[in-house]
Amino acid sequence: QLSFFRPIVKRLFSTSHSSVDSKETKKFQLLAHKWWDEEGEYSALHSMNDIRVPFIRDTLLNMSSNYHLGNPLSGVKILDVGCGGGLLSEPLGRLGASVTGIDPVEDNIRTADQHKSFDPVLAKRIQYKSSSLEEIVEESMETFDVIVASEVVEHVADLEMFIKCCSQVLKPEGSLFITTINKTQLSYVLGIVVAEKIIGIVPEGTHEWEKFVPPEELERLLESNGFSVKTVNGMLYNPLSGSWSWVESTSVNYAMHAVKSGAWGQPSPRDTLLEMGREQPSATAGTAM
């Protein structure tokens with residue numbers, strides 16, 4: 001069945017039309033050597049790990065019955081899209097996951113490779129590749145249990161194509177985790193004016209407000225491409241303490257968890273079992289659809 005779709009998929013995601021924005025990659029090229037400087041330009045991403053890693057870990061553990069003490073994500077195949085220097089890939093690898101990190105900026109991948117080489121355990125669990133998402137679609141159809149796209153979607157050139165590609169490489173019932181910035185007046189003031197121009201916690205020019213994505217729009221795109229959105233949480237960065245916290249409001253930063261529906265849009269086996277459970281009391285009732 002998949003082989004029939006492969007040529008179509010290849011045409012759909014051919015690299016002549018890429019989700020990679022070359023202007024964006026140039027920005028990150030200049031900072032590729034700075035990823036692991038915890039006091040530098042990426043300090044806010046370092047501290048974001050304090051909330052985004054537990055969010056990913058706990059969400060996945062709540063969906064699974066397989067607990068591995070010490071390696072809670074053992075056996076989970078994760079694709080970290082736009083992995084940069086590996087700031088999120090490494091802690092996920094430490095939790096036992098098998099991680100593939102991809103980034104279109106070769107220097108980012110060099111930095112990530114060099115950093116993981118200091119830890120023999122991580123060197124086995126993580127592999128990095130200089131690539132865009134659509135470049136790996138054909139070889140990675142329904143390969144991954146989890147995709148993480150953290151602080152990435154506000155930099156892509158074609159968001160719908162990006163989400164379609166995510167769906168292609170995720171297994172049915174696989175999880176997609178996204179963190180990004182809302183498109184509000186407050187996000188313009190805090191995310192660009194304050195963060196870039198006043199206190200400089202993010203390099204100037206990192207973000208373009210026009211490319212910020214409201215959660216309603218992201219949710220609509222995900223739902224129309226075969227995902228079911230499970231969670232949307234607001235996130236807030238405190239520049240004085242340099243720490244992140246979960247908040248009610250999604251008006252600046254937010255995190256989203258979505259699950260791909262079962263094979264080719266069919267309900268997942270788990271959903272079917274739940275349906276059957278609900279139908280059980282009336283044994284004479286007609287077949288549940």
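I will start with two helices. The axes of helix 8, residues 159-169, and helix 10, residues 215-223, come within 10 Å and cross at roughly 45°. Axes here are lines fitted to C-alpha atoms, for helices over the stretch in contact, and angles run from 0 to 180 degrees between N-to-C directions. Helices (H or I, at least four residues) and strands (E, at least two) are DSSP runs, numbered from the N terminus.

This is a predicted model, in which local features need pLDDT of at least 70 and side-chain atom pairs count only at pLDDT 80 or more, while totals for chains, interfaces and linings use all residues. Residues are numbered from 1 along each chain as its sequence is written, and side-chain values use heavy atoms, with hydrogens and water left out.

Back to the pair. Helix 8 and helix 10 are therefore oblique to each other; angles under 35 degrees count as roughly parallel, over 145 as roughly antiparallel, 65 to 115 as roughly perpendicular and the rest as oblique. On the helix 8 side the contact has L159, E160 and I163, and on the helix 10 side L218, L221 and L222, with contact meaning heavy atoms within 4.5 Å. By class, the residues of this contact are 5 nonpolar, no polar and 1 charged (Ala, Val, Leu, Ile, Met, Phe, Trp, Tyr, Cys and Pro count as nonpolar, Asp, Glu, Lys and Arg as charged, and the others, Gly among them, as polar).

Strand 6, residues 227-238, pairs antiparallel with strand 8, residues 253-260, over 8 bridges. N238 stands opposite S243, and G234 has V247 as its bridge partner. These two strands form a hairpin with 4 residues between them, and G242 in the turn has a positive phi of about 70°.

Definitions and conventions
Two strands pair if DSSP finds at least two bridges between them.
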